[in-house]
Amino acid sequence: MIIPLLKGLALTLSRFFSRPVTVQYPEERRPAPERWRGIHYFDPDERGETKCLACGLCVVVCPPKAIRLRAVEADDGRRYPEAYEIDAIRCIYCGLCQEACPVDAIKLSRRYDVVDYRREDLLWDKEKLLEFGQTREA
């Protein structure tokens, strides 16, 4: 009866004198693993626009159907996305959209802090994805 109590006390004392593993999160961040897939972003071209051709491959390959795309054609015959939305709540961060893109327009960063107070803020449109691309972490 006293043996388990002494074992628990010994474990507590051994942990008490060891180095803490607490990370002070907003100031310190744990490095994400090399193959981590975080939030999406559009890699902007030299004009600051998206490279997306609005081919729709990312929409087709997305398992939870978290991507919505509305394509239009410019006067010169070039297609571009008029509206591009990713629902971050539905997304499973599989990376298939990145793999399917023929021009590497959509990418997944190593940022892991996908949190917000409202569901509407987790619906990322084209402008928000371009903003993520300009402010992504190295």
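Reader: Where is Asp43 found?
Author: Residues are numbered from 1 along each chain as its sequence is written, and this is a predicted model: local features need pLDDT of at least 70, side-chain atom pairs pLDDT 80 or more, while totals for chains, interfaces and linings use all residues. Side-chain values use heavy atoms, without hydrogens or water. Helices (H or I, at least four residues) and strands (E, at least two) are DSSP runs, numbered from the N terminus. Asp43 lies in the loop between β1 (40-42) and α2 (57-61).

Reader: Is Asp43 buried or exposed?
Author: Buried means under 20% relative accessible area, exposed over 50%, and partly exposed in between (1.4 Å probe, protein chains only). Asp43 has a relative accessible area of 13%, so Asp43 is buried.

Reader: How many Å apart in space are Asp43 and Ala88?
Author: In sequence, Asp43 and Ala88 are 45 residues apart. From C-alpha to C-alpha, their distance in space is 18 Å.

Reader: Why does His40 count as buried?
Author: His40 is part of strand β1. His40 counts as buried because its relative accessibility is 2%.

Reader: What does His40 touch, leaving out residues up to four places away in sequence?
Author: Contact means heavy atoms within 4.5 Å. Leaving out residues up to four places away in sequence, His40 touches Ile86, Cys91, Tyr93, Cys97, Ile106, Lys107, Leu108, Trp124, Leu129 and Phe132.

Reader: What order do the elements of the chain run in?
Author: The chain has 4 helices and 5 strands. From the N terminus on, the elements run α-β-α-β-β-α-β-β-α.

Reader: Why is the chain more spread out than a compact globule?
Author: The radius of gyration is taken over C-alpha atoms, and the globule rule is 2.2 Å times the number of residues to the power 0.38. For 138 residues the rule gives 14 Å. The chain is more spread out because its radius of gyration is well over that, at 22 Å.

Reader: What box do the C-alpha atoms of the chain fill?
Author: The box is taken along the principal axes. The C-alpha atoms fill roughly 85 × 30 × 30 Å.
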